[in-house]
Amino acid sequence: MKAPVVLAIDAMSGDHGHETIVDAALLALAAHPELQMILVGDEPTLLRDLGARGRAGEARLRIRHASEVVGMDESPAKALRSKKDSSMRVAIDLVKQGVAHAAVSAGNTGALMATAKFVLKTLPGIDRPAIISAIPSINGHVHMLDLGANAECSAEQLLQFAVMGSALVTATLGIERPKVGLLNIGEEEIKGNEVIKQAAQLLQASSLNYIGFVEGDGIFLRDIDVVVCDGFAGNIALKTGEGVARLIYHFIRQEFTRSIFTRFAALMALPALKALGRRMDPRNYNGASFVGLNGIVIKSHGSADTQAFAAAIRVAVREVENAVPARITRLLAEALPAAPVAAVKG
């Protein structure tokens with residue numbers, strides 16, 4: 001049997017309320033026998049939720065009371081300074097204290113990143129944490145970072161992102177030498193600004209499996225494992241891809257409901273359409289990692305439903321089982337021999 005994995009869940013986060021988080025936690029417990037969870041939030045409310053589902057005495061699920069909640073529009077500085085007993089802060093504190101192996105939250109991204117960085121600190125050799133997530137691609141999926149934590153980055157920080165992305169893909173997918181590309185406005189060496197060109201030189205000199213520049217369409221169409229960029233470009237690329245997927249879905253629905261004949265065609269194509277929907281369903285890709293921290297923190301989309309939040313919990317379990325922070329530290333030492341290395345939590 002696998003070793004127990006203990007997660008701290010920010011149960012008061014997200015757009016759909018604590019009921020959704022509780023349902024997702026129960027769904028994840030059923031899927032992962034090794035999993036234990038600490039629901040962090042208002043204890044009477046969470047006890048009532050569990051009681052309504054007949055799970056008040058769930059052995060692998062306990063509650064840690066937190067008296068405050070960080071609002072979705074609250075400034076990171078205010079959340080960090082004045083809400084030390086928020087469900088978000090307490091969940092991350094549990095990771096710091098070693099009570100939990102990882103924290104999962106659907107809360108305010110800025111506040112979550114600021115709190116996680118303040119409490120857990122960054123790994124040796126890492127300047128800034130980054131947000132990474134899997135994105136559907138022609139070969140299954142690609143991991144991309146940064147997706148919004150750092151709007152401007154130096155060449156050295158882009159190299160650090162590449163190291164972190166490679167380590168995560170190796171740890172969670174078993175790919176020994178992930179293919180790493182640098183997002184740019186063209187594949188030619190002369191393209192891009194000075195930061196991008198300098199980052200390319202650093203990547204070429206590293207021990208990473210760097211394959212060169214990747215254009216925007218290459219994120220989805222090239223045989224690549226990790227795409228590196230600053231948070232400004234990454235967030236725009238991510239949201240553009242999500243928008244195009246919804247646009248295609250809209251057009252398909254529009255065409256298949258145009259007449260009685262197209263409705264019949266839709267009925268015939270229903271199995272293929274359902275399979276396509278499962279492959280492109282963003283809920284299956286929910287759960288972005290805050291890599292570069294001395295601990296594991298997973299950010300769920302704020303609008304996540306039960307299935308989507310359960311997917312974020314699944315990401316946390318996978319990263320704990322594969323000791324992602326420790327692997328990042330080891331790979332950093334190989335890619336950048338001069339970087340200081342110290343023991344970190346798995």
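At what angle do the axes of helix α4 and helix α5 cross? Before the answer, some housekeeping. This is a predicted model, in which local features need pLDDT of at least 70 and side-chain atom pairs count only at pLDDT 80 or more, while totals for chains, interfaces and linings use all residues. Residues are numbered from 1 along each chain as its sequence is written, and side-chain values use heavy atoms, with hydrogens and water left out.

**View 1. Helices α4 and α5 cross at roughly 30°.** The pair is α4 (residues 87-96) and α5 (residues 109-120), and their axes come within 10 Å. Helices (H or I, at least four residues) and strands (E, at least two) are DSSP runs, numbered from the N terminus. Axes are lines fitted to C-alpha atoms (for helices, over the stretch in contact), and angles run from 0 to 180 degrees between N-to-C directions. α4 and α5 are therefore roughly parallel to each other; the labels are roughly parallel for angles under 35 degrees, roughly antiparallel over 145, roughly perpendicular from 65 to 115, and oblique for the rest. Their crossing is right-handed, meaning that the near helix is turned clockwise from the far one by less than a right angle. On the α4 side, look for M88, R89, I92, D93, V95 and K96; on the α5 side, they meet A111, L112, T115, A116, F118, V119 and L120. Contact here means heavy atoms within 4.5 Å. Sorted by class, these contact residues come out as nine nonpolar, one polar and three charged. Ala, Val, Leu, Ile, Met, Phe, Trp, Tyr, Cys and Pro count as nonpolar, Asp, Glu, Lys and Arg as charged, and the others, Gly among them, as polar.

**View 2. Helices α1 and α2 pack at an angle of about 55°.** Here α1 (residues 18-31) meets α2 (residues 43-52), with the axes 10 Å apart. That makes α1 and α2 oblique to each other, and α1 passes α2 in a right-handed crossing. α1 brings H18, E19, V22 and L26 to the contact, and α2 brings T45, L46, D49 and L50. The class count for this contact is four nonpolar, two polar and two charged residues.

**View 3. Eleven strands line up in an open sheet.** Reading across, the order is β3-β2-β1-β4-β11-β10-β5-β6-β9-β7-β8, and the pairing is mixed. For two strands to pair, DSSP has to find at least two bridges between them. At the edges sit β3 (61-65) and β8 (209-214), each pairing on one side only. From one strand to the next, the twist averages 25°. Zoom in on β1 (residues 5-10) and β2 (residues 35-41), and you find parallel pairing over six bridges. D10 has V40 as its bridge partner in β2.

**View 4. Strand β5 pairs with both β6 and β10.** β5 (residues 130-137) runs antiparallel to β6 (residues 140-145), with six bridges joining them. A hairpin of two residues links β5 to β6. On the β10 side (residues 288-291), the run is antiparallel too, over three bridges. I132 is a handy landmark: its bridge partner is L145 in β6 and S289 in β10. A134, in turn, stands opposite H143 in β6. H143 also stands opposite V226 in β9, where β6 and β9 (residues 226-228) run parallel over three bridges. How many of the eight residues of β5 are buried? Seven are, so the strand is mostly covered; buried means under 20% relative accessible area, exposed over 50%, and partly exposed in between (1.4 Å probe, protein chains only).

**View 5. L238 sits in helix α9 (residues 231-256).** Setting aside its neighbours within four places in sequence, L238 is in contact with I135 and L147. H301 is 63 residues away from L238 in sequence and 13 Å away in space, C-alpha to C-alpha.

View 6. Most residues other than glycine have a negative phi, and most peptide bonds are trans. The peptide bond from L145 to D146 is cis, with omega near 10°, and D146 is found in the loop between β6 and α6 (155-173). K121 has a positive phi, near 65°, and lies in the loop between α5 and β5. K121 is partly exposed, at a relative accessible area of 44%. A323 also has a positive phi, near 50°, in the loop between α12 (306-321) and α13 (324-335). With 23% relative accessibility, A323 counts as partly exposed.
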